[in-house]
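Colleague: Could you give me a close look at one part of this model, the aromatic side chains and what sits around them? I'd enjoy a connected walk through it.

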Amino acid sequence: IHITMDNKKIELNGVIKMKRKIILYFSTIIITITTIFFACETKPTEPKIDNPFDLLNTETNGDPFHLTVIIANGGITLKWTKPDFKDLQFFKIYRSEIETSDYSPLVTTTPGQIQYTDKNIENGHSYWYRVTVINNENKETIITNAAGVNIKTEPVLAINGGNEYTSDREIELTILAITAQQIMLTNSTDFSGVNWEDYTTSKNWTLTSGDGLKTVYMKVKYDSTESDVVQASILPREVSNYSFSITDSDTSNTLDVTLNINAEYAKKMMISNDSSFAEATWENYSETKVWHLDFSKVTDSNAKVYIKFKNDFNIETDIIKDEIYLNLVSGIHINNGSEYTDSRSVILTLISAYDDGMIISDNKDFTGSTWETFADKKDWILPSGAGHFILFAKFKDLSGFITKVYSDAINPKPINPAIILANGDQYTTTRDVQLILTASGANLQMKLSEDSTFAGADWQDYSSKPNFLLSFGDGIKKVYAKF
């Protein structure tokens with residue numbers, strides 16, 4: 001249709017343009033709906049990952065191994081954690097001198113190895129490390145986080161991997177001084193009495209005792225030059241959180257009790273029934289200890305135990321104590337219940353609610369013994385001879401009631417003898433030789449003879465190094481001793 005009127009032509013063109021816009025609009029909607037429909041019908045594909053372990057990276061912010069590096073063990077020591085991944089075949093370690101690139105394979109380790117020391121390093125360089133996992137299909141994870149350390153140009157000295165504290169005087173030094181030939185180490189600044197020794201990257205070292213900061217000083221010698229003094233320091237860990245208790249109850253019906261002990265970083269402990277710790281000695285720390293209460297120090301049926309600790313640097317703690325109420329039954333105790341005695345003279349402790357009288361004997365039928373006034377302490381002389389000594393006691397009250405028989409036993413302290421002739425030499429050119437004797441016990445005597453029957457030998461005072469005159473004649477000479 002041809003319309004010549006200008007205004008009608010303009011109107012018709014406007015209608016045609018509007019219709020085209022409507023058609024385009026609805027066409028777009030239809031295409032969009034169709035696309036969504038088919039998209040919903042298609043399942044999404046899983047991301048392409050070489051190793052399933054990579055999925056765990058998102059759970060640990062890309063750091064599933066918690067890789068750390070320190071200067072220790074004569075180099076740079078890497079430590080990491082083993083992830084929960086059953087298909088793990090081995091770990092692979094990479095190294096670079098740039099944090100973000102140029103990583104090269106360094107070493108592979110078994111699934112059980114989660115530590116490695118890199119000793120192929122030089123002063124004045126920075127080293128960065130990464131760790132990956134290889135699974136059973138030989139597929140490798142995406143490289144995870146990097147950990148690095150900078151090695152100073154001058155000699156490096158590190159104590160226990162740079163830790164701030166130590167509970168032991170025995171520590172490990174790591175020394176990094178590439179091309180060095182000798183080192184000199186000391187605990188004092190003046191290096192007095194210290195000699196040069198061959199260069200090594202790792203060395204065991206003993207710190208001084210006592211409290212305060214511990215410092216190790218070092219000098220390094222190259223071909224013709226000597227380095228400045230370098231040093232490293234560490235603090236002793238003092239004993240902390242120390243406590244103990246006597247058994248698990250408030251009362252005891254025996255003089256032998258169990259101590260439950262706790263003391264962090266303690267190496268030694270000293271225990272006593274007396275706050276003065278008279279005759280007490282240091283012993284190795286342990287969390288439990290069977291302890292014998294001293295009945296002579298019991299007041300109002302309360303027994304006290306005192307304890308103190310010290311660490312490897314001989315730094316002592318304050319004294320702490322605990323006490324327990326004794327509900328002892330009647331009885332007799334020789335030397336407070338000790339198992340051994342090195343003297344025939346002993347002290348008896350008597351306990352009884354029936355304190356009108358007592359009778360004591362070394363035989364169960366009390367032959368030759370008489371009743372006497374009750375006393376909680378009594379001196380007693382054991383019979384001579386070897387063997388197991390048993391004492392018996394009975395008690396009675398005013399009405400004439402007599403208790404059952406109580407007993408306690410004690411043994412002579414073992415002598416544990418030993419003899420060495422002529423310092424253990426195989427030959428002698430002289431008859432007059434020296435013996436080396438060892439025997440424990442008080443008031444010891446000895447007999448010495450070349451005759452095993454000791455015919456003609458007399459008892460004499462004990463000596464640890466007596467001289468002995470061997471008999472004439474050739475052949476093997478034997479010397480016998482008894483105590």
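Modeller: Happy to! Let's begin with F395 and Y406, which are both buried (under 20% relative accessible area with a 1.4 Å probe, protein chains only; over 50% is exposed, and partly exposed lies in between). Please keep in mind that this is a predicted model: local features need pLDDT of at least 70 and side-chain atom pairs pLDDT 80 or more, while totals for chains, interfaces and linings use all residues. Residues are numbered from 1 along each chain as its sequence is written, and side-chain values use heavy atoms, leaving out hydrogens and water.

Rings of Phe, Tyr and Trp (its six-membered ring) pair if their centres lie within 6.5 Å; planes under 30 degrees apart count as stacked, over 60 as edge-to-face and the rest as tilted. That rule gives 7 aromatic pairs. In the tilted pair of F395 and Y406, the centres are 6.0 Å apart, with 50° between the planes. F395 belongs to strand 29 (residues 389-396) and Y406 to strand 30 (residues 406-412), so the pair links parts of the chain 11 residues apart (strands are DSSP runs of E, at least two residues, numbered from the N terminus). Elsewhere, ring pairs join F65, W80 and F91 into a cluster.

Charges meet rings too, counted if NZ of Lys or CZ of Arg is within 6 Å of the ring centre and within 35 degrees of the ring normal. R431 has its charged end over the ring of F472, 3.6 Å from the centre, and K219 lies over the face of F191, 4.6 Å from the ring centre.

Technical notes:
Helix = DSSP H or I, 4+ residues; strand = E, 2+ residues; numbered from the N terminus.
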